[in-house]
Every structure is written in structure tokens, then in C-alpha cells.
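Biologist: I have a structure to learn from. Can we go through its parts one by one?

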Amino acid sequence: MFSYRHAFHAGNHADVLKHTTLIALMKYLTQKDTALTVIDTHAGAGLYRLDSDYTETSGEAVEGVFKLLSGQKISETQEGRAQGATKKVAIPAPIGAWAPALQDYLDLLRGLNPQFAETGDASHLKIYPGSPFIEQQFLSGRDKLKLFELHPTDFKSLSGNIEQLGVGRQVTVAREDGFEALKTFLPPPARRAMVLCDPSYEIKSDYARVAACMADAVKRFATGTYVVWYPIIPRPEAHDLPRKLKTLAVKAGRSWLNATLTVKSSKLTTDSAGQVVRPGLPASGMFIINPPHTLKADLQAALPQMVALLGQDRNAGFTLEHGS
Ligand code: SAM
């Protein structure tokens, strides 16, 4: 059985990139009057606690969402001082105003964490939304969300978390292989769909499956918006995947966008005891087929701020390419 649990990684730099992009996509795609079908082939648990054993053990959110939040200067308000309290409010980031896409990401976090929203104090950021909760937040009555998750524990958590929303049949959760399940939903009834394909790439074959699944999806429904997250690691399959997706989009005559965020070098280092230290995930990317025309500008503004706040060494940077 799979050992990957997204709870260890929730709120890391890859989630900041993925979820900021996802919010920008959902915001645009749900503005139209026609119903949208959203299919999340690898949903995870839906919601995560940032103070759980998982996240605290891995500490990945510290290098991700918490580091981003350190871009907020925290100051005492007059009101707080007058009461002798330590009430804190967030004031705009030192980098200037937040890019709109990052502002939307932070607003969504505030919506789930009332104490954080009230105080601006990152220590009150306890709940982190996974892709299903982000997608659900933007749906209106006519839209549908289909979620797939294979891991038994995460499936159970996801089902419970979605149940609590009380949204009935608008959101469905299935313990099925998301790559296979996608086929049965394309083309969607109202001919508008966004698909998020976000596997753990724990199994090497995931890279090839993503490419094959996207090729099949574009054949079934050419005008859908297809969103793939991928890790950038020293492994041939990881480098090949965005190239394959680009070739597929170009051959099908579809527009595409590829955004990457690097936070550190991918080189192995040694610690003071001479032990080899693996760098962890240094970079990741989002490849989108049929992106909305607004996405490039959204990311053009957000990516430099992510680099400024999440970058760990001089290798930090971003790329943003697109084609039509
Ligand atoms: N999309 C989620 C988010 O952004 O919050 C994170 C998903 S996590 C990277 C990948 C998930 O896919 C894991 O929870 C794993 O158990 C699940 N998984 C792995 N293989 C799968 C498959 N073939 N079909 C559906 N889910 C799968």
C-alpha cells in the first residue's frame, strides 16, 4: 500500500505554488454562468491540521506557508496597547502589496482560521486546506466536484471532512483510481471542466500515467482545463513530464502554461559530521493545458513574491512559460 501521506507535506512551498494557482484558476472559471465540473483525481484528506504530529514532525509548512507569512510585518495596534494586550494585526508585506493571487490565498486561509484572521498572528494558523476544500469554496449551486482518493485513511478523513460541509451531492468522494475514473466524466454534461491531477509520484510509473491520462483526457474533451502538479527532482521521468505535456498540448493545438518555483539547490550536501544530507524537495511546477488568459498575469505577479519569501539560497527562482 502507499506510504505517502499529504499531511506530512501540507502547507509546504509546493502547496503554496499549487494552491495559489488553483485559487486563481477556480476564481476565473467559476465566474461564468455555465456549470463547471471539477475533477480532482488525487484529492488527499481535504483538510490538515498544521499543529498535528504529521506536520510538526516534517516541519515542511515552516518552509512554506509560515515562511510566506513572515513577509507580513506584525505590529501592535493602538487598541491592543491601550488594553495592555498583545493584539497583533497584519500590515502589508515588506515587499509591497501582496500580489492579488497571494492575497486570495491568504484570504482563504483567514476564512478557515478565524483567530488568525482576527489577529494576523501566524501561530493561530492551525487549519490548512487541501485542494478539495479550495475547489469547494468557489462552487456555486450548478457546479459539481468529483473527488478521488485511494488511501484508506485519507479517504476516510476526506469523506468525513466533506460530510461536515453539508453540501449533499454537489461534492462526491470515491475510493477509486483517479487516473481511471477521470475517463468516465469526460466530456462533462455542460462541456466545462477543470481537472486537477496531483499524484504523489511515489511510484515511478505515476509520471507516465499522468502523461497518458492527460493525453486521453484531451482526446475525450479538448477544451477542458487540465492542471498537473509535478516535482522537479533529479530524476529523468520528472524532467520528461513537462516536456511530454508541452508536446501533447502543442500537437493537440491547445494553449499551455508552465510555472515553476525553485526554493533551493537540488545538490546533496554534507553536515558537520560528514553525513550526506538530502535537500528535500527543491522545486516544483504546475503545467496547465487550456489555462484562462488571466493566469499568466496572476502568476507573473505572485511568483517573484514567492521567490523573495520562500527562497532558501541563491538557486531560488521561478520560470513562467506559455504557448498557444
Ligand atoms: N491534491 C491534494 C492537495 O493539494 O491537497 C494532495 C494530494 S497528494 C499529493 C496525492 C494523493 O493521491 C495521496 O493522498 C495518495 O493517497 C493519493 N493517491 C495515490 N495514487 C492514487 C490514485 N491512483 N488514485 C487516487 N488517489 C491516489
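**Helices, ligand and loop**

Modeller: The axes of helix α7 (residues 131-138) and helix α8 (residues 152-165) come within 11 Å and cross at roughly 20°. Axes are lines fitted to C-alpha atoms, for helices over the stretch in contact, with angles from 0 to 180 degrees between N-to-C directions. Helices (H or I, at least four residues) and strands (E, at least two) are DSSP runs, numbered from the N terminus. This is a predicted model: local features need pLDDT of at least 70, side-chain atom pairs count only at pLDDT 80 or more, and totals for chains, interfaces and linings use all residues. Residues are numbered from 1 along each chain as its sequence is written, and side-chain values use heavy atoms, leaving out hydrogens and water.

Biologist: Are α7 and α8 roughly parallel or roughly antiparallel to each other?

Modeller: Angles under 35 degrees count as roughly parallel, over 145 as roughly antiparallel, 65 to 115 as roughly perpendicular and the rest as oblique. The crossing angle here is roughly 20°. Therefore α7 and α8 are roughly parallel.

Biologist: Which residues in α8 do Pro132, Phe133 and Gln136 in α7 meet?

Modeller: Contact means heavy atoms within 4.5 Å. On that basis, the three α7 residues meet Leu158, Asn161, Ile162 and Leu165.

Biologist: How do α1 and α12 run, roughly parallel or roughly antiparallel?

Modeller: The axes of α1 (residues 13-29) and α12 (residues 295-310) come within 11 Å. They cross at roughly 160°. That makes the two helices roughly antiparallel.

Biologist: Which residues of α12 make the contact with α1?

Modeller: On the α1 side are His13, Val16, Leu17, Thr20, Thr21, Ala24 and Leu25. On the α12 side are Leu295, Asp298, Leu299, Leu303, Met306 and Leu310.

Biologist: Which residues come nearest to the ligand?

Modeller: A residue counts as near if one of its heavy atoms lies within 4 Å. There are 22 residues around the ligand. Those that come nearest are His42, Ser131, Glu149, Gly178 and Asp198.

Biologist: How far is a polar side-chain atom of Glu149 from an oxygen atom of the ligand?

Modeller: For His42, a backbone N or O atom lies 2.9 Å from a ligand nitrogen atom. For Glu149, the distance from the polar side-chain atom to the ligand oxygen is 2.6 Å.

Biologist: Which residue is joined to Pro187 by a cis peptide bond?

Modeller: Most peptide bonds are trans. Pro187 is in the loop between α9 (178-183) and β8 (193-197). Its cis bond has omega of about 0°, and the partner is Leu186.

Definitions and conventions
A polar contact is a pair of N or O atoms within 3.5 Å; within protein, one must be able to donate a hydrogen and the other to accept it, and residues adjacent in sequence count only if both atoms are side-chain atoms.
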